[in-house]
Amino acid sequence: MIKKKKMILLVVVIIILGTAIYQYPLQKKLAQRSFENYITKQGIAIDNISSKRFIKDWKQGGYLVVVTFNDDINNKYYYHYDVWTHKKGESLKFNRMTLTIIDEKNSLTLEYPWDGKCKYPPIEE
């Protein structure tokens, strides 16, 4: 009976540890890699980043990378990383990065067409 309880406890601990490792360091590393690939496609140099914060997004899942660039200080760039997404009407996609740009001065979400509103518009992946 004691062995059975220890085995159940061990399984529960393994599940909790596995979930914690997946939710934090693993997903953050995947988000970092996806973010770096995305800004490379945008033509942005790493040394152009003024500030960068990684935030675990518990509401939507994945990670949010909030960035300000040295040459576009009026806008804040919100890169959202999803391990996988299954939005209605779309096929299943893995390792997805999307971008929302906020004009901080006017508290306004920028939308297409981007003509002169921001230096680094979102790219299609």
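Modeller: Let's start with the rule for ring pairs: rings of Phe, Tyr and Trp (its six-membered ring) pair if their centres lie within 6.5 Å, and planes under 30 degrees apart count as stacked, over 60 as edge-to-face and the rest as tilted. Keep in mind that this is a predicted model, where local features need pLDDT of at least 70 and side-chain atom pairs count only at pLDDT 80 or more, while totals for chains, interfaces and linings use all residues. Residues are numbered from 1 along each chain as its sequence is written, and side-chain values use heavy atoms, with hydrogens and water left out.

By that rule you get 7 aromatic pairs. Take Tyr 38 and Tyr 79: their ring centres are 5.5 Å apart and their planes sit at 80°, so this pair is edge-to-face. It joins distant parts of the chain, since Tyr 38 belongs to helix H1 (residues 2–42) and Tyr 79 to strand E3 (residues 72–85), 41 residues apart. (Helices, H or I with at least four residues, and strands, E with at least two, are DSSP runs numbered from the N terminus.) Both tyrosines, Tyr 38 and Tyr 79, are buried; buried means under 20% relative accessible area, exposed over 50%, and partly exposed in between, using a 1.4 Å probe and protein chains only.

Tyr 79 also pairs with Tyr 77, with centres 6.5 Å apart and planes at 20°, so here the rings are stacked. Tyr 77 is buried too, like Tyr 79.

Now for the strands. There's an open sheet of 5 strands in the order E1-E2-E3-E4-E5, with antiparallel pairing; two strands pair if DSSP finds at least two bridges between them. At the edges are strand E1 (49–56) and strand E5 (108–109), each pairing on one side only. E1 and strand E2 (residues 63–69) run antiparallel over 7 bridges, and Ile 55 has Leu 64 as its bridge partner in E2.

One more ring is worth a look: Lys 56 lies over the face of Trp 58, 5.1 Å from the ring centre. For that label, NZ of Lys or CZ of Arg has to be within 6 Å of the ring centre and within 35 degrees of the ring normal.
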